[in-house]
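My entries are below, in the order in which I made them.

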Amino acid sequence: MPQNEHMERHRKLHGRRMDHEERKRKREARKVHKVSEYAKKVKGLKAKMFNKKRHAEKIQMKKTIKMHEEKQSKIAKEPDVPEGAIPAYLMDREGQARGKALSNMIKQKRKEKAGKWNVPIPKVQAMGEDEVMKIMRTGKRRKKAWKRMITKHTYVGEGFTRKPPKFERFIRPMALRSKSAHVTHPELKATFSLPIIGVKKNPNSPLFTQLGVITKGTIIEVNVSELGLVTTGGKVIWGKYAQVTNNPENDGCINAVLLV
């Protein structure tokens with residue numbers, strides 16, 4: 001059992017320290033000084049790499065702040081009240097310029113998209129292939145080692161058919177295949193058991209995404225048609241993305257938060 005799982009088990013059994021949040025806040029506050037100290041000391045290639053990373057972070061932060069500021073500053077335009085009678089040739093121009101309205105709508109959508117995908121868990125601990133897959137030895141003398149058994153929860157889809165056992169490279173056990181997830185809606189503060197449509201992205205590896213491996217931080221697509229969510233145009237929303245927030249192999253079920 002890896003060290004982090006021991007820690008998680010201990011946390012579930014005994015909880016955290018009473019001052020955990022305060023210590024965490026103070027650690028975060030001290031982090032700035034530590035980074036500053038490191039920036040002063042570091043030299044050579046490490047300094048170049050560090051500065052490049054910091055530069056990218058600052059640009060990203062400025063972009064996000066700007067986007068959020070633009071998103072939050074929605075000012076309602078006062079309708080222009082004309083004085084006196086309007087000539088007939090100006091009657092159809094009364095409201096707004098259509099092209100400008102379209103342009104503003106596209107800009108607004110972009111701004112909304114900027115703040116949309118702030119996921120609940122932005123960083124997850126990396127998992128290697130040795131942790132997710134177990135080597136299966138085959139052949140008469142068990143010398144061949146090209147087969148892998150997946151030890152985490154997976155999603156395989158509705159019409160999935162296994163390859164013949166002789167040619168199957170990745171074995172996904174029936175007991176670890178999941179069809180539904182417990183998805184929490186952050187605004188409604190309610191949890192629903194929803195069917196999974198597919199695995200959109202596993203942050204650990206593109207191979208895991210392809211195989212449908214579900215670990216902590218994975219983005220899955222769930223069927224939300226029964227929730228009755230509709231678009232601005234009045235169409236029913238069929239699928240939505242959700243991020244897995246627990247370790248399914250430890251809990252035996254998938255818990256996720258809907259990305260709204």
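These notes go from the barrel to the open sheet and then to a helix.

Entry 1, ground rules. I am working with a predicted model, in which local features need pLDDT of at least 70 and side-chain atom pairs count only at pLDDT 80 or more, while totals for chains, interfaces and linings use all residues. Residues are numbered from 1 along each chain as its sequence is written, and side-chain values use heavy atoms, with hydrogens and water left out.

Entry 2, the barrel. I looked up which strands close into a barrel and found 5 of them, in the order S5-S6-S8-S9-S10, with mixed pairing. From one strand to the next the twist averages 50°, taken between axes that are lines fitted to C-alpha atoms, with angles running from 0 to 180 degrees between N-to-C directions. Strands here are DSSP runs of E with at least two residues, and helices are runs of H or I with at least four, numbered from the N terminus; two strands pair if DSSP finds at least two bridges between them.

Entry 3, strand S5. I followed S5 (residues 180–185) to S10 (residues 255–258), which runs parallel to S5 and is joined to it by 3 bridges; valine 183 has alanine 256 as its bridge partner in S10. With S6 (residues 190–201), S5 pairs in the antiparallel sense over 6 bridges, and serine 180 stands opposite proline 195. S5 and S6 form a hairpin with 4 residues between them, where lysine 189 in the turn has a positive phi of about 55°.

I found 3 strands in the order S1-S2-S4, with mixed pairing, and the edge strands are S1 (133–138) and S4 (170–171). S2 (residues 144–150) and S4 pair in the parallel sense over 2 bridges, and methionine 149 has isoleucine 171 as its bridge partner.

I noted a kink of about 25° in H2, centred on arginine 30.

Terms used:
Bend = angle between axes of the 7 residues up to and from the residue.
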